[in-house]
Amino acid sequence: MIKIIQGDITTLAVDAIVNAANQVMLGGGGVDGAIHRAAGHELYEACLTMPEVRPGVRCPTGEARITPGFRLPAKFVIHTVGPVYRDGQHGEPEKLAACYRNSLALAAENGCHSIAFPCISTGIYGYPKEEAAAIAVSEVQAFLSPAESAEDAEGEGRAPSRPLMEIIFCCFLERDKRVYENLIGKSA
Ligand code: ADP
């Protein structure tokens, strides 16, 4: 199930909220700063213990890492690093799609049944909002109705298994919410 809401992601009592983090994972501006402030210093400490894959990089662009939510109402924070937008010709769409895919996979692995995403990369990282939202929606829809596995299951006489996950697009701005509504309708 997909929902579109306008609000502050740090207030949501869901299993996981996704953080548009940076590679160092020690906090920053925008939604990252808001999440770190609301979760408390324990989140900073937890991020600090994440191993670096190279100096200064705990989470490469497109990948995701999970920590507890500490003082947040959310159980977990899934930190993912969106691409900095240049011109769309430097792997940005693939990297952004990977953020959604890897975050959803990590949520599923950790038994989450609800997850909220901010509009990754569309703030400081400058990704055009409509293009980013189209990628977000298409990855989420692919996750919720995996066509291939559904066909396999039907072929074997089993009911197709669809992941039971409530996926929320949490838009901070009213105009971001309208972008999602234009893509998937107001009923979501
Ligand atoms: P990035 O560096 O990935 O562009 P930003 O934090 O600058 O990340 O922006 C990502 C999105 O998060 C933007 O759409 C911004 O409006 C939104 N945002 C900022 N604060 C919050 C918040 N508290 N809850 C939800 N979304 C937020």
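In what order do the elements of the protein chain run from the N terminus on? The order is β-β-α-α-β-β-α-β-α-α-β-α. The model is a predicted one. Its protein chain holds six helices and six strands. Of the 188 residues in the chain, 47% are buried.

**The ligand and its surroundings**

The ligand sits in the largest pocket. It is surrounded by 15 residues, and the closest are Asp8, Val31, Ser121, Gly123 and Ile124. Sorted by class, this shell has eight nonpolar, five polar and two charged residues. Helix α1, which spans residues 30-39, gives the most to the shell, with three residues.

| Residue | Protein atom | Ligand atom | Distance |
|---|---|---|---|
| Aspartate 8 | polar side-chain atom | nitrogen | 2.9 Å |
| Valine 31 | backbone N or O atom | oxygen | 2.8 Å |
| Tyrosine 125 | backbone N or O atom | oxygen | 3.0 Å |

Taken alone, the ligand exposes 570 Å², and the protein buries 91% of that area.

Most residues other than glycine have a negative phi. Serine 121 has a phi near 75 degrees, a positive value in a residue other than glycine. Serine 121 is also one of the residues closest to the ligand. Its place is in the loop between β5 (114-117) and α4 (129-144). Is serine 121 buried or exposed? Serine 121 counts as buried because its relative accessibility is 5%, and the cut-off for buried is under 20%.

Phenylalanine 70 also has a positive phi, near 50 degrees, and is likewise a residue other than glycine. This phenylalanine is found in the loop between β3 (64-68) and β4 (76-80). With a relative accessible area of 36%, phenylalanine 70 is partly exposed.

**Residues apart in sequence**

Some pairs of residues can be described both by their separation along the chain and by the distance between their C-alpha atoms. Glycine 69 lies in the loop between β3 and β4, the loop that also holds phenylalanine 70. At 1% relative accessibility, glycine 69 counts as buried. Glycine 69 and alanine 16 are 53 residues apart in sequence, and their C-alpha atoms are 7.9 Å apart in space.

Valine 57 is in the loop between α2 (41-48) and β3. Its relative accessibility is 6%, so valine 57 counts as buried. How many residues separate valine 57 and valine 24 in sequence? They are 33 residues apart in sequence, while the distance from C-alpha to C-alpha is 4.9 Å.

Tyrosine 44 has its place in helix α2. Its relative accessibility of 35% means that tyrosine 44 counts as partly exposed. Along the chain, tyrosine 44 and methionine 25 are 19 residues apart, and their C-alpha atoms are separated by 8.3 Å.

Note on methods: Residues are numbered from 1 along each chain as its sequence is written. This is a predicted model: local features need pLDDT of at least 70, side-chain atom pairs count only at pLDDT 80 or more; totals for chains, interfaces and linings use all residues. Side-chain values use heavy atoms; hydrogens and water are left out. A residue is near a molecule or strand if one of its heavy atoms lies within 4 Å of it. A polar contact is a pair of N or O atoms within 3.5 Å; within protein, one must be able to donate a hydrogen and the other to accept it, and residues adjacent in sequence count only if both atoms are side-chain atoms. Accessible areas come from the Shrake-Rupley method with a 1.4 Å probe; for residues, only the protein chains shown count as cover. On a 1 Å grid over the protein atoms alone, a cavity is a set of points where a 1.4 Å probe fits but cannot get out, and a pocket is an open set with protein on both sides within 12 Å along at least five of seven lines; lining residues have an atom within 4 Å of a point. A molecule sits in a cavity or pocket if more than half of its atoms lie within 2 Å of its grid points. Helices (H or I, at least four residues) and strands (E, at least two) are DSSP runs, numbered from the N terminus. Ala, Val, Leu, Ile, Met, Phe, Trp, Tyr, Cys and Pro count as nonpolar, Asp, Glu, Lys and Arg as charged, and the others, Gly among them, as polar. Buried means under 20% relative accessible area, exposed over 50%, partly exposed in between (1.4 Å probe, protein chains only).
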